[in-house]
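Subject: Structure handover

Hello,

Here is the structure we talked about handing over. My notes on what was found in it follow below.

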Amino acid sequence: KATAEQDYTQFIFDEIDELNLKGGEIENWEQNLNLLSNAQAIKDTMLGAANQLLNSEQSIIDQLQQISKNIKNYVGATPEIGTLSERLFSCLEELKDIATELEIQESNITSDEEELQSVTEKLGQANRILHKHNITTTDELIELREELSEKLYTISTTETDIAELEKQAGLTKSTSTKAAKNLSIKRIEGIKKFSEALNSMLPDLGFVNASFDIQHSFKEMTTNGIDDIQFRFDANNTGQMQPLQKAVSGGEMSRIMLMIKYLLAHTTDMPCMIFDEIDIGISGETALKVGNLLQKLAAKHQVISITHLPQIAAKAKQHLFVYKEASDKNSIRTTKVKKLLPAERIKIIAEMLSGNQESATATKTAEELLGAN
């Protein structure tokens, strides 16, 4: 398609460029054609006019000279006659100049059949092109020629650019394919090790009969490489692995993501991690292990955990208490967040252990949980 467009544009450009036009040239050809077509008639008219003015018997100039001579005899009679005499003299001089110019013009005009044919052909070609492009003047045709020249240059450079881009794309694809294959080798090597590490952590975080694996297959290369990776999970040792997102609940997914992030923490840049109710479905020793794992992550990352378990809340360095407060005026409840002081942390964690009832045992346990950190 691009080649066809270039060929057509080149054809039109060559057709116009062949005329080799200069500004106003077609208009000059039209004027020259009119002169060449009527050369003999114009010569006859010029010569006839010159003869009538100057060279014939009883020529106009001879007659005016006689009139001027007659009037000149009476220039002193009145000022007006003197003025008329002067005007007649001026007319005679002007007519003599005109007669001379007519003879010069007649001699300069030539009847050249060869030139007439040449101008006729050039003008015919020019008018055909003007009509073809719906324009009327030489300047418009020159402007069109310049536009076509720029278009041809653009097409030419575009094809060069495309060729260069295709070359670069080929090199990029080759480099990307090589990088994708090297990455795939490393991924395949890491699948078994990663799966074994995560499976070993499952019982500690409340997944007693669960198992995890990674299914690998190849696909067309994308920005992520040539590997199709799917995390799979079996929550109850059924022997049927399902995609992770379909096999676990929200809380279970949070715990599994905690394990995955823990295993990858030293290799990925995750400055902040947020876990929402990671404690759903766990308690006791499992809750402590989840808290310990979060605490280890917090050594090198910012970890935010939304939790209802005192074992997990006690592991944090800072405790933000989220609560709702009703306004006295309009009873609108507003959610607020408060950073707890050490004494306030003991009270809140004790409440998490025993409810809102004050309990010395719960308070002591809260102190022990906080003291253990």
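**Surface patches**

Glu-147 has a relative accessible area of 44%, so this residue counts as partly exposed. Glu-147 belongs to helix α7, which covers residues 138–201. Together with Asp-139, Glu-140, Glu-143 and Glu-150, Glu-147 forms a negative surface patch.

There is also a nonpolar surface patch of about 290 Å², made by Leu-320, Val-322 and Val-337. Val-337 sits in strand β7 (residues 333–339) and is exposed, at 55% relative accessibility.

**Confidence**

Please keep in mind that this is a predicted model. The average pLDDT is 87, and 99% of the residues score at least 70. Confidence is lowest in helix α1 (residues 2–17), with a mean of 83, and highest in strand β2 (residues 225–234), at 94.

**Salt bridges**

The count comes to 13 salt bridges. One of them pairs Asp-204 with Lys-289, at 3.0 Å from N to O. Asp-204 is in the loop between α7 and β1, while Lys-289 is in helix α10 (residues 284–297), so this pair ties together parts that are 85 residues apart in sequence. Asp-204 is partly exposed at 35%, and Lys-289 is partly exposed at 31%.

Arg-145 and Glu-146 form another salt bridge, with their closest N and O atoms 3.7 Å apart. Here Arg-145 is buried, at 13% relative accessible area, whereas Glu-146 is partly exposed, at 41%.

Lys-338 and Glu-344 also pair, with 2.7 Å between the closest N and O atoms.

Regards

Methods. Residues are numbered from 1 along each chain as its sequence is written. This is a predicted model: local features need pLDDT of at least 70, side-chain atom pairs count only at pLDDT 80 or more; totals for chains, interfaces and linings use all residues. Side-chain values use heavy atoms; hydrogens and water are left out. Patches are made of residues with over 30% relative accessible area and no salt bridge: like charges are joined within 9 Å, nonpolar side chains (Val, Leu, Ile, Met, Phe, Trp, Tyr) within 5 Å. Accessible areas come from the Shrake-Rupley method with a 1.4 Å probe; for residues, only the protein chains shown count as cover. A salt bridge is a side-chain nitrogen of Lys or Arg within 4 Å of a carboxyl oxygen of Asp or Glu. Lys and Arg count as positive and Asp and Glu as negative; His and the chain ends are not counted. The place of a charge is taken as NZ of Lys, CZ of Arg, CG of Asp or CD of Glu. Helices (H or I, at least four residues) and strands (E, at least two) are DSSP runs, numbered from the N terminus. Buried means under 20% relative accessible area, exposed over 50%, partly exposed in between (1.4 Å probe, protein chains only). pLDDT is the predictor's confidence in each residue, from 0 to 100.
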